[in-house]
Structures are given as structure tokens and as C-alpha cells.
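Biologist: Could you take me through how the labels on this one get assigned? I'd like to hear each value set against its rule.

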Amino acid sequence: MRATVSTNSNLKCLAKATGMWMPGQTAEVCAAMRADGLQIDPAQLGRLDADPLNAIVSLGGCSASFVSPQGLVATNHHCVLESIQYHSKEGQDYLTDGFLAKSPG
């Protein structure tokens, strides 16, 4: 029987290999991202002031992303649940009925 010991550095490598890395680590995972088929310059993923990372939105503990030039944001339902509840009122239950804007305004 052979035992395997996992070190902290092994865990870091595993995390990076599965996509769990910080923008500042882009140089370390550049070759792996290219090998996995990344077609953009990996350096772009380390710049917080340029696309695609400048399209990330913080929603108080959740993340989201702009998906249109008009400001449409995509995120998980639980991230906006409280806000949806707050803006609902009697006769206007956005959680149940949803909401469709009259214009992209």
C-alpha cells in the first residue's frame, strides 16, 4: 500500500488546474491555460482595469458580470433575492411574477 501526502503547494497546483486562481497568479498558470485552449492573451486575465475582468460586478458577497452594453447583469438568484423582496409590494410580487422593463433605460 502506498500513501500519498498532499502538501500545500500540491493543493495550490490542483486549485489552479481546476480554475481556482487569482488574477495575480495569471503568469503562473499561463501555460496551462493555453494548453487547455485559452485563445486570448492570458495577461488580460491579470488586469483588473481591462476586459474581461472590468466587467465583473460585486453584489455584497456575490459576483456578477455585465452581459450587455445596456448594463444587463447576470448573477445567481440568491445574490439578488433580498433586493427583489425589498422592491416587491402588495400586488407586485417580483419573486413570483418576475419583472419586465418597458424599455432598456
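Modeller: Let's start with His87, which lies in helix α3, residues 77-87. Helices are DSSP runs of H or I with at least four residues, strands are runs of E with at least two, and both are numbered from the N terminus. Keep in mind that this is a predicted model: local features need pLDDT of at least 70, side-chain atom pairs count only at pLDDT 80 or more, and totals for chains, interfaces and linings use all residues. Residues are numbered from 1 along each chain as its sequence is written, and side-chain values use heavy atoms, with hydrogens and water left out.

Biologist: Why does His87 count as partly exposed?

Modeller: Buried means under 20% relative accessible area, exposed means over 50%, and partly exposed is in between (1.4 Å probe, protein chains only). His87 has 49% relative accessibility, so it counts as partly exposed.

Biologist: What lies 2.9 Å from a polar atom of the side chain of His87?

Modeller: That's the backbone oxygen of Ser83. A polar contact is a pair of N or O atoms within 3.5 Å; within protein, one must be able to donate a hydrogen and the other to accept it, and residues adjacent in sequence count only if both atoms are side-chain atoms.

Biologist: And what makes Ser88 buried?

Modeller: Its relative accessibility is 19%, so Ser88 counts as buried. Ser88 is found in the loop between α3 and α4 (94-97). Its side chain reaches the backbone oxygen of Ile84 at 3.0 Å, and a polar atom of that side chain lies 3.0 Å from the backbone nitrogen of Tyr94. Not counting residues up to four places away in sequence, Ser88 touches Asp93, Tyr94 and Leu95; contact means heavy atoms within 4.5 Å.

Biologist: How do you know that Tyr94 and Phe99 form an aromatic pair?

Modeller: Rings of Phe, Tyr and Trp (its six-membered ring) pair if their centres lie within 6.5 Å; planes under 30 degrees apart count as stacked, over 60 as edge-to-face and the rest as tilted. By this rule the count comes to one aromatic pair. Tyr94 and Phe99 are 5.4 Å apart, centre to centre, with 85° between the planes, which makes the pair edge-to-face. Tyr94 counts as partly exposed because its relative accessibility is 21%, while Phe99, at 61%, counts as exposed.

Biologist: Moving to α2, why are its buried residues said to be on the same side?

Modeller: In helix α2 (residues 26-35), the buried ones are Thr26, Val29 and Met33. They cover an arc of only 80° around the axis, so they sit on the same side of α2. The arc is that of the directions from the helix axis to the C-beta atoms. In general, an α-helix has 3.6 residues a turn, so residues three or four places apart point the same way. The face turned away from the buried side of α2 carries the exposed residues Ala27, Glu28, Ala31 and Ala35.

Biologist: Why is Thr26 called buried?

Modeller: Thr26 is at 6% relative accessibility, so it counts as buried. Leaving aside neighbours within four places in sequence, Thr26 is in contact with Trp21, Met33, Pro42, Ala43, Leu45 and Gly46.

Biologist: How many helices and strands does the protein come to?

Modeller: Four helices and three strands, in the pattern α-α-β-β-β-α-α along the sequence. Buried residues make up 12% of the 105 residues.
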